[in-house]
Amino acid sequence: MYLPEHFEERDSREIAQIIQQFPLAVIVCMNGKEIVANHIPLMMDGENELIGHIAKSNNLHQIIENNTKMLAIFSAENSYISPNLYPTNQETHRHVPTWNYQVIHVHGFITFIHVKKQKVAIVGKLTKLYEQEFSGKKAWRMSDAPKDYMEDMIENIVAFKIKIESICAKSKLSQNREQRDFDAVSCAMRDTGKNTLHKAMERRGISKI
């Protein structure tokens with residue numbers, strides 16, 4: 001990933017928040033000379049692992065060997081940025097369009113899991129986290145489904161863990177602009193409903209909006 005120093009995201013809390021808020025990752029692996037990509041929701045399990053699961057009918061677990069190196073890409077909210085948003089553009093006319101976004105590249109090694117008990121544990125962690133976020137006190141539980149149905153569902157998935165080797169994160173949030181331009185973009189993100197971007201810009205510690 002192209003990563004100028006001023007856009008590098010080093011805050012571990014920001015990285016963890018993006019992964020939790022935007023869990024649908026693109027998992028990229030190499031199968032010989034072929035690039036294989038899948039879109040799969042993941043979650044952190046401790047500090048050094050990601051967990052997830054796929055349908056057994058997804059042949060990823062058959063064409064990719066355990067301990068294969070892979071890349072998981074997480075993308076947060078993004079937006080086109082017009083030069084018209086910059087107050088200084090009215091004075092200099094020396095700006096061009098750009099794009100603001102936050103992305104995380106997690107490099108690691110994937111291991112597939114076929115043991116029922118371990119699959120249930122991973123599905124349980126994913127369900128608990130995202131059901132609580134989505135449904136709150138009315139969160140759905142695995143025990144709400146008939147036991148035989150749930151066992152069939154577990155049988156038809158393959159779980160996996162990704163041991164994290166390194167994380168590369170980028171927050172491109174106009175932090176390389178003048179203060180008034182930065183503030184104007186932050187305000188525009190808020191006013192156009194890009195609230196996640198607006199809040200991320202606020203956390204930069206630059207904007208006073």
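Mentor: Let us begin with strand pairing: two strands pair if DSSP finds at least two bridges between them. Strands (E, at least two residues) and helices (H or I, at least four residues) are DSSP runs, numbered from the N terminus. This is a predicted model, in which local features need pLDDT of at least 70 and side-chain atom pairs count only at pLDDT 80 or more, while totals for chains, interfaces and linings use all residues. Residues are numbered from 1 along each chain as its sequence is written, and side-chain values use heavy atoms, with hydrogens and water left out.

Trainee: In which sense do β1 and β5 pair, and over how many bridges?

Mentor: Strand β1 (residues 24-31) pairs with strand β5 (residues 68-75) in the antiparallel sense, over 4 bridges. Ile27 has Ala72 in β5 as its bridge partner. Strand β5 is also joined to strand β7 (residues 98-113) by 8 bridges, and these two run antiparallel. Here Met70 has Gly108 in β7 as its bridge partner.

Trainee: Where is Gly32 placed, and is Gly32 buried or exposed?

Mentor: Buried means under 20% relative accessible area, exposed over 50%, and partly exposed in between, with a 1.4 Å probe and protein chains only. Gly32 lies in the loop between β1 and β2 (34-41). Its relative accessibility is 62%, so Gly32 counts as exposed. The C-alpha atoms of Gly32 and Ile64 are separated by 9.4 Å, the two residues being 32 residues apart along the chain.

Trainee: Which residues of α1 are buried?

Mentor: In helix α1 (residues 12-21), the buried residues are Glu14, Ile15, Ile18 and Ile19. To see how they are arranged, one takes the arc of the directions from the helix axis to the C-beta atoms. The buried residues of α1 fall within an arc of 135° seen down the axis, so they line one face of the helix. Ser12 and Arg13 are exposed, on the face turned away from the buried side of α1.

Trainee: At what angle do α6 and α7 pack?

Mentor: Axes are lines fitted to C-alpha atoms, for helices over the stretch in contact, and angles run from 0 to 180 degrees between N-to-C directions. Helix α6 (residues 179-191) packs against helix α7 (residues 195-203) at an angle of about 150°, with the axes 7 Å apart. With contact meaning heavy atoms within 4.5 Å, Phe182, Val185, Ser186, Met189 and Arg190 in α6 meet Asn195, Leu197, His198 and Met201 in α7.
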